[in-house]
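User: Please examine the structure below and answer some questions about selected residues and strands.

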Amino acid sequence: MNNLNPIVKVNLGTIAKVQEFVKTVSKFRGNFDLISGNYMVDAKSILGIFSLNYRDDIDLRIIDAHNEMDEVMEALRPFMTTERVELTA
């Protein structure tokens, strides 16, 4: 099994888009972290996201979603600012 966790850039921009994003990632069993500078929050937490500057591009790290990665990436497409995916351990 691949133990690498993909990181993609997302932009949430508006309150409505934040709500839609949380609804989208909450459908999946994996863990999702939003990372902005030195801050990291649970991407399934609306309050956590609002503590970040969500109007700028943010790194989204996807953890433990290996079995449904294709579905996750397709669902995230409207929020992604680039197709580029980084991998971390």
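**Selected local features**

Analyst: In this predicted model, glutamate 68 is buried yet forms no salt bridge. The nearest side chain of opposite charge, arginine 29, is 5.8 Å away.

User: Where does glutamate 68 lie, and with which residues is it in contact, leaving aside neighbours within four places in sequence?

Analyst: Glutamate 68 belongs to the loop between β4 (58–63) and α3 (69–76). Leaving aside neighbours within four places in sequence, the residues in contact with glutamate 68 are Phe28, Arg29 and Gly30.

User: Is asparagine 11 buried or exposed, and what is its relative accessible area?

Analyst: Asparagine 11 is in the loop between β1 (5–10) and α1 (15–25). Beyond residues up to four places away in sequence, asparagine 11 touches several residues, including Tyr54, Asp57 and Phe79. Buried means under 20% relative accessible area. Asparagine 11 therefore counts as buried, with a value of 18%.

User: Which residues form a nonpolar patch on the surface with isoleucine 46?

Analyst: Isoleucine 46 lies in helix α2 (residues 46–50) and is partly exposed, with a relative accessible area of 31%. The patch has about 230 Å² of accessible area together.

How values were computed: Residues are numbered from 1 along each chain as its sequence is written. This is a predicted model: local features need pLDDT of at least 70, side-chain atom pairs count only at pLDDT 80 or more; totals for chains, interfaces and linings use all residues. Side-chain values use heavy atoms; hydrogens and water are left out. Patches are made of residues with over 30% relative accessible area and no salt bridge: like charges are joined within 9 Å, nonpolar side chains (Val, Leu, Ile, Met, Phe, Trp, Tyr) within 5 Å. Accessible areas come from the Shrake-Rupley method with a 1.4 Å probe; for residues, only the protein chains shown count as cover. A salt bridge is a side-chain nitrogen of Lys or Arg within 4 Å of a carboxyl oxygen of Asp or Glu. Helices (H or I, at least four residues) and strands (E, at least two) are DSSP runs, numbered from the N terminus. Buried means under 20% relative accessible area, exposed over 50%, partly exposed in between (1.4 Å probe, protein chains only). Lys and Arg count as positive and Asp and Glu as negative; His and the chain ends are not counted. Contact means heavy atoms within 4.5 Å.
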